[in-house]
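This report goes through one chain, from overall confidence to single residues. The sequence and the structure are shown first.

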Amino acid sequence: MPYTDKVLICRECGTSFTFTVGEQAFFASRGLTNEPGRCPSCRSARKAGGSPLGDSYVHYGPFASFGGRTPRQMHPAVCANCNQMTEVPFLPRAGRPVYCSDCFNAVRQTTGKNGDHAFEGGS
Ligand SMILES: [Zn+2]
Ligand SMILES: [Zn+2]
């Protein structure tokens, strides 16, 4: 069967790329029957990244909650509750207590309820 160049769509970045005759012959010579799912640049990026875990693997770092994008600037602060060093994604203001995440959750649970102000300003 003669080979012809094929245009495929990269499943990673969605760009079309050419699966050339040479590559098809190369694939066939290695007994690979599947067409490549990714464009050359995504393939080499994956190789360079060295991720052995496959398609769905995402690099989760300390900033995973930011969706893996450039992390927000973090500011060092001291927790007003337990005095541990922590980091907050906003600039701490004087007079405003900053809590570590543990204490923040605890504080929010005790003060963040509905009707927090329900009994303020009574006669
Ligand atoms: Zn691609
Ligand atoms: Zn704390």
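## Confidence

pLDDT is the predictor's confidence in each residue, on a scale from 0 to 100. The model described here is predicted. Its chain has a mean pLDDT of 77, and 70% of the residues reach 70 or more. Over residues 53-64 the pLDDT is below 50, and this stretch has four contacts in the model beyond near neighbours in sequence. Where pLDDT is low, the predicted coordinates should not be read in detail.

## Overall architecture

The secondary structure of the chain consists of three helices and four strands. Read from the N terminus, the order of these elements is β-β-α-α-β-β-α.

Burial is assigned to 4% of the 123 residues. Of the contacts between residues at least 6 apart in sequence, 18% join residues at least 24 apart.

## Strand β1 and Leu-8

Strand β1 covers residues 6-9 and includes Leu-8.

Beyond the neighbours within four places in sequence, the contacts of Leu-8 are Ser-16, Phe-17, Phe-19, Glu-35 and Pro-36. Leu-8 and Cys-39 are 31 residues apart along the chain, with 8.1 Å between their C-alpha atoms.

Helix α1 spans residues 21-29 and is hardly covered: the count of buried residues among its nine residues is zero. Just after α1, Gly-31 adopts a positive phi of about 75°.

Arg-38 belongs to the loop that links α1 and α2, the latter formed by residues 40-49. Arg-38 has 19 other C-beta atoms within 10 Å and is therefore partly exposed. With neighbours within four places in sequence set aside, Arg-38 is in contact with Cys-10, Arg-11, Glu-12 and Arg-43. For one of these, Glu-12, the separation from Arg-38 is 26 residues in sequence and 6.1 Å in space, C-alpha to C-alpha.

Which way do strands β3 and β4 run relative to each other? Strand β3 (residues 75-78) and strand β4 (residues 85-88) are antiparallel and are joined by four bridges. Within this pairing, Pro-76 stands opposite Glu-87 in β4.

Six residues lie between the two strands of the hairpin, where Asn-83 has a positive phi near 60°.

Conventions. Residues are numbered from 1 along each chain as its sequence is written. Chains are lettered from A and ligands numbered from 1 in the order in which they are written. This is a predicted model: local features need pLDDT of at least 70, side-chain atom pairs count only at pLDDT 80 or more; totals for chains, interfaces and linings use all residues. A residue is buried if 20 or more other C-beta atoms lie within 10 Å of its own, exposed if 12 or fewer, and partly exposed in between; C-beta atoms are placed from the backbone. Two residues are in contact if their C-beta atoms, placed from the backbone, lie within 7 Å. Two strands pair if DSSP finds at least two bridges between them.
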